Amino acid sequence: MAKLIYRKKVIKNSKNSNLDGKVYAKSVATETLSFQDFINHVISHGSVYDRGTVHGVMIQMVDCMKELLLDSKKIWMGDLGVFYLSLVNKSASDVESFSISENVVGVKVRFCANMGKSAGLDSKTIRKEAKFIDVNTLAGIKKDEESADEEDTGNDDQNP
């Protein structure tokens with residue numbers, strides 16, 4: 001049975017008193033699957049295509065996504081969601097002093113999950129289907145042994 005592992009985190013943030021000392025749940029990943037592991041998982045669901053075919057289609061998809069994203073296109077992947085690019089900038093003092101080479105310091109591939117109910121990726125559906133497991137329960141740690149974490153901004157989006 002699938003389980004969503006979490007840990008309790010005490011936020012220590014001297015810059016934001018609204019967060020400082022508050023307790024939140026943070027999801028815990030048990031592993032990062034390789035591309036091949038993911039392909040094998042897809043095939044394990046009774047795919048009529050062999051591993052090489054699935055691998056080839058997915059590699060072609062990545063190549064085509066890069067090409068289209070670099071052509072300023074967003075890619076809507078149906079029930080999955082949308083991929084798009086965003087720019088990481090250093091600010092310029094005015095329009096005349098702005099240059100791509102000096103002020104654009106990066107380009108990020110972004111993804112926004114389809115939040116429609118048909119996909120089942122919306123927050124309410126995921127929350128309803130999730131079976132939550134405290135990481136300390138898995139580790140055999142008693143409640144009084146839990147410890148606070150280091151300073152945190154409270155923003156999970158920074159971690160891959």
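Started with Ile5: I find it opposite Ile133 in S6. S1 and S6 run parallel to each other, paired over 3 bridges. For my own record, strands (E, at least two residues) and helices (H or I, at least four) are DSSP runs numbered from the N terminus, and two strands pair if DSSP finds at least two bridges between them.

Housekeeping before I go on: this is a predicted model, where local features need pLDDT of at least 70 and side-chain atom pairs count only at pLDDT 80 or more, while totals for chains, interfaces and linings use all residues. Residues are numbered from 1 along each chain as its sequence is written, and side-chain values use heavy atoms, with hydrogens and water left out.

Next I looked up the sheet around S1. It is an open sheet of 3 strands in the order S2-S1-S6, with mixed pairing. Strand S2 (23-27) and S6 are the edge strands, each pairing on one side only. Neighbouring strands here are turned by 40° against each other on average, direction ignored; axes are lines fitted to C-alpha atoms (for helices, over the stretch in contact), and angles run from 0 to 180 degrees between N-to-C directions.

Then the other sheet. I get an open one of 3 strands, order S3-S4-S5, with antiparallel pairing. Strand S3 (75-76) and strand S5 (104-113) each have a single partner strand, so one side of each is left without a neighbour in the sheet. Strand S4 (residues 81-89) pairs with S5 over 9 bridges in the antiparallel sense. I checked Leu85 too: its bridge partner in S5 is Val109. What packs on this sheet? Helix H2 (residues 51-69) does, touching S3, S4 and S5, and its direction makes about 50° with that of S4. Contact means heavy atoms within 4.5 Å.

Went looking for rings. A search of the whole structure gives 2 aromatic pairs. Rings of Phe, Tyr and Trp (its six-membered ring) pair if their centres lie within 6.5 Å; planes under 30 degrees apart count as stacked, over 60 as edge-to-face, the rest as tilted.

Tyr6 and Phe132 form an edge-to-face pair, 6.3 Å centre to centre with 70° between the planes. Tyr6 sits in strand S1 (residues 4-10) and Phe132 in strand S6 (residues 132-134), 126 residues apart. Tyr6 is partly exposed at 21% relative accessible area, and Phe132 is partly exposed at 37%. My cut-offs: buried is under 20% relative accessible area, exposed over 50%, partly exposed in between (1.4 Å probe, protein chains only).

Why do I call the pair of Phe83 and Phe111 tilted? Their ring centres are 4.8 Å apart and their planes are at 45°, so it is tilted. Phe83 is in strand S4 and Phe111 in strand S5, so the pair ties together parts 28 residues apart in sequence. Phe83 is buried at 17%, whereas Phe111 is partly exposed at 39%.

One ring with a charge: the charged end of Lys74 sits over the ring of Tyr84, 5.3 Å from its centre. That label needs NZ of Lys or CZ of Arg within 6 Å of the ring centre and within 35 degrees of the ring normal.

Last stop was the loop between H2 and S3, where I found Ser72. Its phi is near 60°, positive in a residue other than glycine. Ser72 is exposed, with 71% relative accessible area.
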